[in-house]
Structures are given as C-alpha cells and as structure tokens.
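Please look over the sequence and the model below before reading on. The paragraphs that follow go from the whole chain to single residues.

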Amino acid sequence: MYDKETLKTQRRYDRFSRIYDTVEYLFETKLFRSLRKKTLSKLEGRVLEIGVGTGKNLKYYDRKAELTAIDLSPKMLEKAQARAKQLKIHVNLRIMDAQKMEFKDDSFDYVIGTFVLCSVPYPIKALKEIKRVTRKNGKIIFLEHVLSKNKLIALWEHIHNPITRWLFGFNVNRDTKQKIIKSGLKVDNDEKLAFFDVFRRFTCSK
Ligand SMILES: C[S@@+](CC[C@H](N)C(=O)[O-])C[C@H]1O[C@@H](n2cnc3c(N)ncnc32)[C@H](O)[C@@H]1O
C-alpha cells in the first residue's frame, strides 16, 4: 500500500490523465518534442523509463531498444498503452512506484525520466532506487525543469509552485541536481536547454 503523499500523487495523475496532453500541447510542440528526440533516439539495450505518463516518449526510442516503462497512475498508463498500440511499439508497461521498484539490482543499461522528478513525492527515494536498478556502467538521463539560480525566476517559481502542485501534481521549484547528488548518483553532464537554467538535461551514472 502507498503512503499518503504517493496515493495523492497517483489520484492527481489519474484525474489529470484525461487532459494531460491538451494542457501540455504548447510546451510539447515548441520545446519538449525536440528534446525528447535528441535525448532518446540513440539509446540501445535494456531501457527503463520511470513515470512514462501518457507515453509521449515512446515514438522517439530506437526500435531495437528493449523497453520497460512504469507509472504510478493506472489512468496515465492506459493512455501510454493505447499510444504504444497505435505506434505498434513493443513495451513492457507496468504500474509501479519508482520509489520502490520490483526490478532486480543492475537490471538496466539506461534509466530515463522526463519531467518526473518534479512530481515524485520523495525524489531521493526514487533516485536511490534508480541507482540500484541501473547496471554498473549504465547511464541515467533526466529532462527536468528545476529551481533557477536567478533570484527573480526562482521567486516566480516559488510563488507558482502551490498552484502547479495543486492543479497538476508537479513542483516547479525543486533543486533536482542537489537531490541527484544527495542520492549518491554522479552528475556527469548538466546541460541548460531552455528558459535560462530552468529546463535541464542531467546525464548521470552510479
Ligand atoms: C509530469 S508527468 C510526465 C510524464 C512523461 N514522463 C512526460 O514526459 O510527458 C509525471 C508522471 O510521473 C508519474 N509519477 C509520479 N510519481 C511517480 C512514482 N512515484 N512512480 C512512478 N511514476 C510516478 C505520474 O503519474 C505522471 O504520469
């Protein structure tokens, strides 16, 4: 059974699933689409995606990748299932909490999360689990929006956080890089992608 915060997150995304793609449409077409493609298209081997949501990343993976994807929300996962079917992509989709995964240690060559660490209730728990299931020389890649170092942007993020959290279940003011480091993972590459230092790609290893 899930704890209170995790249950709340699951329910929020179950509710949000119906309108998720519509709400994200503008960001998706103007920014996310190209970031997803650049990040995912060359991955090979055993790939785990955490918080797959409605499956927006699915079409960007190389068909040779052996894909497993999890999400906490059954309703989001239903959308991902429909998308996989439509795209004729084979993916092992599972309802699972990234904070407590059922996979064995060292199971994956890559673990991917796109705009997920902002919504996981206890991100350090999830990051430790990600570390556990990634094989020794494996890579972990996150696309995230994070707390800016610019004081004005950070203030904007702090003011808006209760709204995005309540409405959509994600936080816009998390210092995700610090959380990654705190979990014991190494940040090998930290790229600023858009909106000053807000949208970032972290490439990490064990
Ligand atoms: C903002 S959405 C991002 C979805 C997708 N990755 C994308 O790029 O569009 C966050 C997703 O993470 C999932 N999620 C949140 N906490 C989770 C957890 N503890 N374990 C697995 N999935 C989780 C939510 O259910 C939701 O589908």
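How many helices and strands does the secondary structure of the protein chain come to? The protein chain has 7 helices and 7 strands, where helices (H or I, at least four residues) and strands (E, at least two) are DSSP runs numbered from the N terminus. Along the sequence they follow the pattern α-α-α-β-β-α-β-β-α-β-α-α-β-β. The model is predicted, so local features need pLDDT of at least 70 and side-chain atom pairs count only at pLDDT 80 or more, while totals for chains, interfaces and linings use all residues. Residues are numbered from 1 along each chain as its sequence is written.

The overall dimensions come next. The C-alpha atoms of the protein chain fill a box of roughly 45 × 35 × 35 Å along the principal axes. Of the 206 residues, 41% count as buried. A residue is buried if 20 or more other C-beta atoms lie within 10 Å of its own, exposed if 12 or fewer, and partly exposed in between, with C-beta atoms placed from the backbone. Two residues are in contact if their C-beta atoms, placed in that way, lie within 7 Å. Among contacts between residues at least 6 apart in sequence, 65% join residues at least 24 apart.

Which residues of helix 1 are buried? They are Thr9, Gln10, Tyr13 and Phe16. These residues cover an arc of only 135° around the axis, which puts them on the same side of helix 1; the arc is that of the directions from the helix axis to the C-beta atoms. The buried residues of helix 1 pack against helix 2 (20-23), helix 4 and helix 6 (151-168). Arg12 also belongs to helix 1, but Arg12 is partly exposed because 19 other C-beta atoms lie within 10 Å. Arg12 and Ser73 are 61 residues apart in sequence, and their C-alpha atoms are 8.5 Å apart in space.

Helix 4 (74-87) has 14 residues and reaches 20 Å from its first C-alpha to its last, close to the 20 Å expected at 1.5 Å a residue. Its buried residues are Met76, Leu77, Lys79, Ala80, Arg83 and Ala84. Seen down the axis of helix 4, they fall within an arc of 155°, so they line one face of the helix. The face turned away from this buried side carries the exposed residues Ala82, Lys85 and Gln86. The buried residues of helix 4 pack against helix 1, strand 2 and strand 3.

Most residues other than glycine have a negative phi. Lys88, which follows helix 4, has a positive phi near 60°. Lys88 is found in the loop between helix 4 and strand 3 (91-95) and counts as exposed because it has 7 C-beta neighbours inside 10 Å. Phe115 has a positive phi near 55° and lies in the loop between strand 4 (108-114) and helix 5 (123-133). With 19 other C-beta atoms within 10 Å, Phe115 is partly exposed.

Phe170 sits in the loop between helix 6 and helix 7 (176-182). Is Phe170 buried or exposed? Phe170 counts as buried because it has 20 C-beta neighbours inside 10 Å. Leaving aside residues up to four places away in sequence, Phe170 touches Cys118, Ser119, Thr164 and Arg165.

What surrounds the ligand? The shell has 24 residues, and the closest are Tyr13, Gly51, Gly53, Ala98 and Thr114; a residue is near the ligand if its C-beta atom, placed from the backbone, lies within 6 Å of it. The shell divides into 12 nonpolar, 9 polar and 3 charged residues. Here Ala, Val, Leu, Ile, Met, Phe, Trp, Tyr, Cys and Pro count as nonpolar, Asp, Glu, Lys and Arg as charged, and the others, Gly among them, as polar.

Notes
Expected span 1.5 Å × (residues − 1).
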